[in-house]
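Here is a short report on one protein chain. Look at the sequence and the model, then follow the text through its parts.

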Amino acid sequence: MAEETKAMTLRLQKRQADELEAVARVDEVSVAEAVRSAIDAHIAARRADAEFRDRLRRALEEQRDILERLAR
């Protein structure tokens, strides 16, 4: 079964778009694939960052508290 997808709009400066298109062309991938790869790399880097994980845990706890209050 294919993974579900979600369409998104991304606004880039012209310079960024031109450079992204050039990188994708040289790597022989679509711009969409180049963006997905960059996003995967960014998420992996965030997951490896201990400070980010601490902030994530705090945000999770805050949201849990809010959701539990709303459920009462």
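Glu28 sits in the loop between helix H1 (14-27) and H2. Glu28 is not a glycine, yet its phi is positive, at about 55°. Its relative accessibility is 74%, so Glu28 counts as exposed (exposed means over 50% relative accessible area, buried under 20%, partly exposed in between, with a 1.4 Å probe and protein chains only).

This is a predicted model in which local features need pLDDT of at least 70 and side-chain atom pairs count only at pLDDT 80 or more, while totals for chains, interfaces and linings use all residues. Residues are numbered from 1 along each chain as its sequence is written, and side-chain values use heavy atoms, leaving out hydrogens and water.

**The whole chain**

The chain holds 3 helices and 0 strands. Helices (H or I, at least four residues) and strands (E, at least two) are DSSP runs, numbered from the N terminus. The order of elements from the N terminus is α-α-α. The chain has a radius of gyration of 18 Å, well over the 11 Å that the globule rule gives for 72 residues, so it is more spread out than a compact globule. That radius is taken over C-alpha atoms, and the rule is 2.2 Å times the number of residues to the power 0.38. The C-alpha trace spans about 55 × 30 × 30 Å along its principal axes. Of the 72 residues, 4% are buried.

**How the helices cross**

Axes are lines fitted to C-alpha atoms over the stretch in contact, and angles run from 0 to 180 degrees between N-to-C directions.

| Helix pair | Axes come within | Crossing angle |
|---|---|---|
| H1 and H2 | 9 Å | roughly 100° |
| H2 and H3 | 5 Å | roughly 85° |

H1 is therefore roughly perpendicular to H2 (65 to 115 degrees). Leu20, Glu21 and Ala24 of H1 meet Val31, Ala34 and Val35 of H2. Contact means heavy atoms within 4.5 Å. By class, this contact has 5 nonpolar, no polar and 1 charged residues. Ala, Val, Leu, Ile, Met, Phe, Trp, Tyr, Cys and Pro count as nonpolar, Asp, Glu, Lys and Arg as charged, and the others, Gly among them, as polar.

H2 and H3 are also roughly perpendicular to each other. Here Arg46, Arg47 and Ala48 in H2 touch Ala50, Phe52, Arg53 and Arg55 in H3. This contact has 3 nonpolar, no polar and 4 charged residues.

Note on methods:
Angles under 35 degrees count as roughly parallel, over 145 as roughly antiparallel, 65 to 115 as roughly perpendicular and the rest as oblique.
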